[in-house]
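Trainee: Please take a close look at one part of this model. I would like to follow it step by step.

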Amino acid sequence: MTGRYVERFLRYLDIEKNYSPHTLLNYRIDLQDFVSFCAGQETGAIGYLEIRKYLALLKEKKLASRSVARRLSCLRSFFNFLCREGLVKHNPVSGVSTPRLDRHLPEFLTEEEVARLFDSVPGEGKKEAVRLRDKAILEVFYSTGIRISELSGLKLAAVDFIGGVVKVLGKGRKERIVPIGEPALRALNAYLEKRDSRRDEVFLNLKGRPITARGVRLVVDRYFRLAGMKKGVSPHTLRHSFATHLLNRGADLRSVQELLGHANLSTTQIYTHLTTERLKAVYDKAHPRA
């Protein structure tokens with residue numbers, strides 16, 4: 001199996017489908033692993049049996065079901081592309097079923113815990129611009145529910161301070177408009193007034209360069225520790241909290257789907273399980289015969 005088909009497929013995903021660099025990298029890693037497995041074999045000769053052998057190898061390596069499902073999805077897309085291009089006659093993955101995945105309920109913070117998180121940012125004792133930046137990161141993150149990569153890539157021109165919205169470049173390079181609350185805008189203004197830079201990016205690191213997604217994670221993790229948050233929370237927990245609090249306060253699922261930038265409503269529906277669990281907890285605590 002040659003690697004040239006892989007490069008052709010990745011170019012298609014990049015140019016035609018507008019996949020993000022992060023997604024393209026994951027596809028490349030997964031496909032290169034499969035190419036190594038099929039070393040010396042013609043692409044057109046790969047059949048159902050070879051796919052099953054590859055899945056058995058992944059199981060031997062004790063890969064998680066979610067990782068196996070991702071690789072299988074990648075191979076299915078790859079061979080679909082080869083079929084459309086007339087490079088192979090059939091898709092050997094079409095008859096292979098995806099492993100059953102357990103849907104884990106994401107962790108989220110209560111509204112009181114979010115307030116405690118914001119209060120963990122010191123009022124003084126730290127370089128002013130850095131303190132204000134950290135406060136703005138937390139406020140914008142929770143106010144908009146955007147992804148870490150979307151926050152780190154946020155540009156000044158994308159923030160409408162008068163209209164109270166931000167333009168976000170999400171997965172698949174799709175743009176969406178997300179409202180941003182007054183507290184977040186105030187925190188953002190305070191930071192930008194102190195920031196000594198003319199860069200287009202909103203959030204900068206200590207060297208004055210655009211902050212990376214990893215840098216945002218480090219900032220959020222630091223304040224999680226300072227606020228004494230429970231184990232299991234991660235920076236993504238703020239996005240989960242954003243969605244859960246909206247639903248708890250009456251937002252409809254379709255609106256939350258658009259705000260989060262989910263392509264499918266089924267992805268957003270996981271948050272209805274969170275609100276159901278909350279209602280059951282309230283019921284168990286309050287009903288005399290629960």
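Mentor: Helix α2 (residues 21-37) gives six residues to the lining of the largest pocket, the largest share. Helices are DSSP runs of H or I with at least four residues, strands are runs of E with at least two, and both are numbered from the N terminus. The model is predicted, with local features needing pLDDT of at least 70 and side-chain atom pairs pLDDT 80 or more, while totals for chains, interfaces and linings use all residues. Residues are numbered from 1 along each chain, and side-chain values use heavy atoms, without hydrogens or water.

The lining has 49 residues in total. Nearest the centre of the pocket are His 22, Thr 23, Arg 147, Lys 171 and Gly 172. By class, the lining holds 16 nonpolar, 17 polar and 16 charged residues. The volume of this pocket is about 2,400 Å³.

Now to helix α8 (residues 182-194), whose 13 residues reach 19 Å from first C-alpha to last, close to the 18 Å expected at 1.5 Å a residue. Its buried residues (under 20% relative accessible area, 1.4 Å probe) are Ala 184, Leu 185, Ala 187, Leu 188 and Tyr 191. They lie on the same side of α8 because they cover an arc of only 160° around the axis, taken from the directions to the C-beta atoms. Helix α6 (128-144) and strand β1 (159-160) are among what covers these buried residues. On the face turned away from that buried side, α8 carries Arg 186 and Glu 193, both exposed (over 50%).

Terms used:
The expected span of a helix is 1.5 Å times one less than its number of residues. Contact means heavy atoms within 4.5 Å. On a 1 Å grid over the protein atoms alone, a cavity is a set of points where a 1.4 Å probe fits but cannot get out, and a pocket is an open set with protein on both sides within 12 Å along at least five of seven lines; lining residues have an atom within 4 Å of a point. Grid points are joined across faces, edges and corners, and a volume is the space filled by probe spheres set on the points. Ala, Val, Leu, Ile, Met, Phe, Trp, Tyr, Cys and Pro count as nonpolar, Asp, Glu, Lys and Arg as charged, and the others, Gly among them, as polar.
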